[in-house]
Each structure stands twice: as structure tokens, then as C-alpha cells.
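Me: I would like to learn how to read the features of a structure one at a time, with the general idea before the particular case. Could we work through one together?

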Amino acid sequence: MTAPTDPSTYPALDALLTVDGLSLRVCASTRRKRFALTVETDATLTLHTPAGRSRGEAEQFVRAHRDWLLTKRRERERTRPLSPVKRLADGEVFRYLGRTYRLAVSDGEGAGGEVRLVAGRLVMGPDLAAEPRAGRAALVDWYCRAGRNWTGQRLQPWAARMGVTEPELDVRDLGDRWGSYRPPQAGTDAKGLMSLGWPLFQMPMHLIDYVIAHELAHVKVPGHRENFWRLLRTALPEYEERRADLDELGRRLWMGEVR
């Protein structure tokens with residue numbers, strides 16, 4: 001005989017819980033031993049609970065941690081991404097190296113499968129503008145090409161300034177990261193690889209320089225221990241200010257969403 005399910009306990013499925021005006025998604029698991037709370041990147045709240053614990057216990061736990069939840073949620077809201085959605089239409093604004101460029105849909109210079117910068121405008125053919133996925137890919141490809149060309153002129157002076165070997169360079173989609181560094185494999189003559197995320201090239205030049213210097217510091221120092229920041233400070237004394245500006249402006253960059 002099967003016992004009836006107690007509606008006041010949480011099974012191993014998602015549920016919703018509201019406690020004193022706070023709404024939380026409840027994620028229950030038979031493997032979990034104790035309650036825990038998470039403030040997600042979009043500022044929503046999640047309560048992790050062992051399966052079978054009562055609603056009363058869950059509410060008591062949330063109330064005991066209410067101040068922590070409110071503080072963390074304010075921090076998440078302050079840093080939450082505000083990335084715009086772009087239209088592939090005449091006049092839409094895109095940024096490159098901190099400057100504003102408008103999109104022109106044209107049968108002329110922009111015809112074909114590439115986006116080009118012509119006379120102060122980003123030009124795209126109507127075939128690309130009519131297909132959001134292809135148009136987005138063409139814009140991302142342009143940022144990658146333009147970013148590689150621009151960084152190619154900056155990399156050697158920064159590497160010399162920091163006393164490191166100039167790595168190979170790639171610009172591509174890195175998700176939510178601005179840059180990464182991969183050291184060379186042991187026993188080979190290959191250089192390390194520095195990758196930069198294409199959205200970075202919407203930033204003003206001095207903030208791109210910060211990311212370049214940051215990744216070059218990893219040529220000497222892996223991780224982010226004190227000796228890493230000491231090296232970066234030697235090459236770029238104002239790095240903390242630039243990092244803060246990057247975090248704030250980065251929330252507002254176009255990350256590739258089109259409609």
C-alpha cells in the first residue's frame with residue numbers, strides 16, 4: 001500500500017515559494033542534505049532543499065537569511081546585463097572602438113556575404129538583412145576581422161612593455177568572457193594563444209587595452225594571485241579604474257541578439 005503524498009513537503013521537482021514578499025524557485029533533490037540559497041545572474045532567487053522537507057522549514061530558512069538575500073539581489077540587479085537587441089535595418093546603431101556607426105542596407109558596397117565599413121557606415125546587403133541569423137553571423141565576422149586587424153597593431157608594443165613573449169592572436173565568440181590566454185604546450189616551439197571576445201571591440205580603445213594587458217600578464221603569471229595584479233599594476237597603474245569601467249560599460253554592450 002502506498003502512503004499518500006504530503007502536499008506540505010517538496011518532492012524532487014521544481015516548485016514556487018513566496019515568503020514575506022520574496023518569490024523563490026524551489027529546487028528539491030534527494031541527494032541534498034541541507035537548505036541553500038542562490039541569487040541567479042538575472043536576480044531571481046532559488047531555494048535548494050532536500051526532498052521531503054516541509055514548507056514550514058523552508059519558510060523559516062528563507063526568513064533567517066532574508067537580509068543576505070536582499071543584499072545579494074541588489075548586487076545582482078546593479079550588475080545585471082542590459083544588452084540591447086538590434087534590428088538589421090537602416091539606421092540601427094552599432095559601436096566600434098567606442099564610436100557610433102549606423103547600419104546601411106544597400107545593394108552596392110555591402111552586397112554579398114560580408115559587412116563592410118564604408119564612409120562611416122556599416123554596410124550590409126539586403127539578402128543578409130532579410131535573414132537575421134545570416135546577418136548576425138556577418139556582423140560578428142566583421143567584428144572579428146576588424147578586431148584582429150586593430151589588435152595586431154597593439155599587441156607587440158604591449159608585450160614589449162610587459163616583458164613577455166607576444167602570443168598568437170584570435171578574436172572569436174568567448175561567451176561572457178572578454179579574453180583568455182592559453183599557454184604553449186610543453187616541448188613545442190609554439191607561442192601561447194590570446195583570444196579576445198568579439199563584443200569587446202565595441203568598447204573604447206583604452207578599455208580594450210586593459211583586456212590586452214590583462215591577458216598578457218597571464219603569459220608570465222597564471223591565475224589571479226597578488227603577483228598577477230602586481231605585474232598588471234606595473235604596466236597599467238590605473239588598471240582598477242579601467243576594470244570598473246569595463247564591468248559597467250560591458251553590461252550595456254550588444255552581445256549579438258537580433259530581431
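Me: How many disulfides does a search of the whole structure find?

Reply: A disulfide is a covalent bond between the sulfur atoms of two cysteines. With the criterion that a pair of cysteine sulfur atoms lies within 2.5 Å, a search of the whole structure finds 0 disulfides. Please keep in mind that this is a predicted model, in which local features need pLDDT of at least 70 and side-chain atom pairs count only at pLDDT 80 or more, while totals for chains, interfaces and linings use all residues. Residues are numbered from 1 along each chain as its sequence is written, and side-chain values use heavy atoms, with hydrogens and water left out.

Me: Is C144 buried or exposed, and how does C27 count?

Reply: The classes rest on relative accessible area, computed with a 1.4 Å probe on protein chains only: buried means under 20%, exposed over 50%, and partly exposed in between. C144 has 9% relative accessibility and therefore counts as buried, whereas C27, at 25%, counts as partly exposed.

Me: What is the strand order in the open sheet of 3 strands?

Reply: Helices (H or I, at least four residues) and strands (E, at least two) are DSSP runs numbered from the N terminus, and two strands pair if DSSP finds at least two bridges between them. Here the order is β9-β11-β10, with mixed pairing. β9 (168–172) and β10 (179–182) stand at the edges with a single partner strand each, so one side of each has no neighbour in the sheet. From one strand to the next, the twist averages 20 degrees. β9 pairs with β11 (residues 193–197) in the parallel sense over 5 bridges, and E168 has L193 as its bridge partner in β11. Helix α4 (residues 132–152) packs on this sheet, touching β9 and β11, and its direction makes about 150 degrees with that of β9. β10 and β11 pair in the antiparallel sense over 4 bridges, with R182 standing opposite L193.

Me: Which residues cover the two faces of β11?

Reply: In a regular strand the side chains alternate between the two faces of the sheet. In β11, L193, S195 and G197 lie on one side and M194 and L196 on the other, and all are buried. Since 5 of the 5 residues of β11 are buried, the strand is largely enclosed by the rest of the structure.

Me: What is the order of the open sheet of 4 strands?

Reply: That sheet runs β5-β6-β8-β7, again with mixed pairing, and its edge strands are β5 and β7, each of which pairs on one side only. The twist averages 40 degrees from one strand to the next. α4 packs on this sheet too, touching β5, β7 and β8, and its direction makes about 20 degrees with that of β5. β6 (residues 99–105) and β8 (residues 121–124) pair in the parallel sense over 4 bridges, while β7 (residues 116–118) and β8 pair in the antiparallel sense over 3 bridges.

Me: Which residues of α1 are buried, and why do they line one face of the helix?

Reply: An α-helix has 3.6 residues a turn, so residues three or four places apart point the same way. In α1 (residues 55–64), A58, F61 and V62 are buried. Seen down the axis, the buried residues fall within an arc of 100 degrees (taken over the directions from the helix axis to the C-beta atoms), so they line one face. Q60 and A64, on the other side of α1, are exposed.

Me: Which residues have the most contacts inside the largest nonpolar core?

Reply: A nonpolar core is a set of buried Ala, Val, Leu, Ile, Met, Phe, Trp, Tyr and Cys residues joined through side-chain atoms within 4.5 Å. The largest has 53 residues, and those with the most contacts inside it are Y96, M162, L200, F201, I212 and L216. Apart from it lies another core, of 14 residues, among them L22, L24, L37 and V39.

Notes
Axes fitted to C-alpha atoms, helices over the stretch in contact; angles between N-to-C directions. Contact = heavy atoms within 4.5 Å.
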